[in-house]
Amino acid sequence: MSNLMIRRVMVTRIVLSTAILLFLLICGSEVVQAWTIVRIDPWIESDFREQNLDLIEACPEPHENVSEECLRAMDARFSDWPLEFSDTTWISLPNRLTLGRALRDPIGDRARVIEALQQEECRLESGERVRWDLKDSCHSDAFANLSVFLWACNKPRDLQELYEDVVDDSEKARQESTNSQRWKRNMQSSVIRLLRARWLNDKCGDHQVSELRFDEFRDKELHEVLIATANRLGEIWDRPPHVPETFILKALAARLGDEAAAMQYHGPSINRVKEDSWEKHINKVWPWRKTLQEIEGEGIYFIVDGPPKTARSLKLGVTIAVSLQSSKLDFDWNFLVGEVCKRKKSEDSTCQQAIAELKGSLDWDRKDELQALDKFETVSMELGLFD
């Protein structure tokens, strides 16, 4: 990252931090409490990146009663909707966590979670903070499924506001007159958000969600077990009454070996316990995860958003490819090579130049890196991105 860019990032962060601090000081404790609740939201509702034109075509009137064709299209699209912080869908994660997976059998998932919580080893009472060898016997997937289900079905969605985003003719006319392409993309995004909210409301409506929670009064013993486990593992927050059970379930899912939860998990223990065995374990199992996290923004897209030097992007891309291969995970080479080798500016190095430069700097015994470079060369030629 260039010195100029570093200075800009530092200034931006300082300004934002100062503004937030002043805002909290002025507005008092009620804002702090609300901020705390938002800060620990266990999952992030990822937005769509592709156009989804087939879905939009199948649902031409998303604010009206939807047709059978539209319902089938929504089921097909939203069941496979991945829940991920960044775009890692190009990596073939085992048993990827989707809305469909979480909504398939929440009653059965809750029963399996209760069964696991009755076992000391599943509560990690031995002092160990991570036990991926217990993945099956402790039903790690059920913890992840139930966490997502309770989060998705308890999350408030203002359908009326989403309706207005789609049918506000005055705003539509104004945006269309200034930038028709951007307006079209925004409208498509609004339609998808509305359809997804309607779909989730329908699916969640098939269950009595309150009965599937671990209520601190009705399920006092199980609720206490969850809280005690979170405290023992260092998964504690400044305001425990506001810690959602969904976050604790997610933490246990990750620590018991659900790959999808492990990929996305970030909790208080990671920040407070410097030698936490959770981080040591996950970085040993998936070294590529740490590489992705070290890239600002936590996403492959940000690899190419730094200085206009293809060589830097290529080096990071090779590191990620080698790490993924050592973790025995398949991934989309076309996507990775495309993100690294697409030139954003005319003065950027070509992929050919970057490959030659990096090959010249690698020792002869760096076989994994050299093989990855050869793959970058082959795929970039196939994609027409080599020179």
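User: Which residues does W333 touch, leaving out those up to four places away in sequence?

Analyst: W333 touches A321, Q325, A372, K375, F376 and V379, where contact means heavy atoms within 4.5 Å. This is a predicted model, where local features need pLDDT of at least 70, side-chain atom pairs count only at pLDDT 80 or more, and totals for chains, interfaces and linings use all residues. Residues are numbered from 1 along each chain as its sequence is written, and side-chain values use heavy atoms, with hydrogens and water left out.

User: OK, and how many residues are in the largest nonpolar core?

Analyst: That core has 92 residues, and F143, L314, W333 and F376 have the most contacts inside it. A nonpolar core here is a set of buried Ala, Val, Leu, Ile, Met, Phe, Trp, Tyr and Cys residues joined through side-chain atoms within 4.5 Å. Buried means under 20% relative accessible area, using a 1.4 Å probe and protein chains only.

User: Which helix gives the largest share of this core?

Analyst: Helix 7, residues 140-154, with 10 residues.

User: Switching topic: how many helices and strands are there?

Analyst: The protein has 21 helices and 0 strands; these are DSSP runs numbered from the N terminus, helices being H or I with at least four residues and strands E with at least two.

User: What about R196, buried or exposed?

Analyst: R196 is buried, because its relative accessible area is 4%. R196 sits in helix 10, residues 180-204.

Key: Buried means under 20% relative accessible area, exposed over 50%, partly exposed in between (1.4 Å probe, protein chains only).
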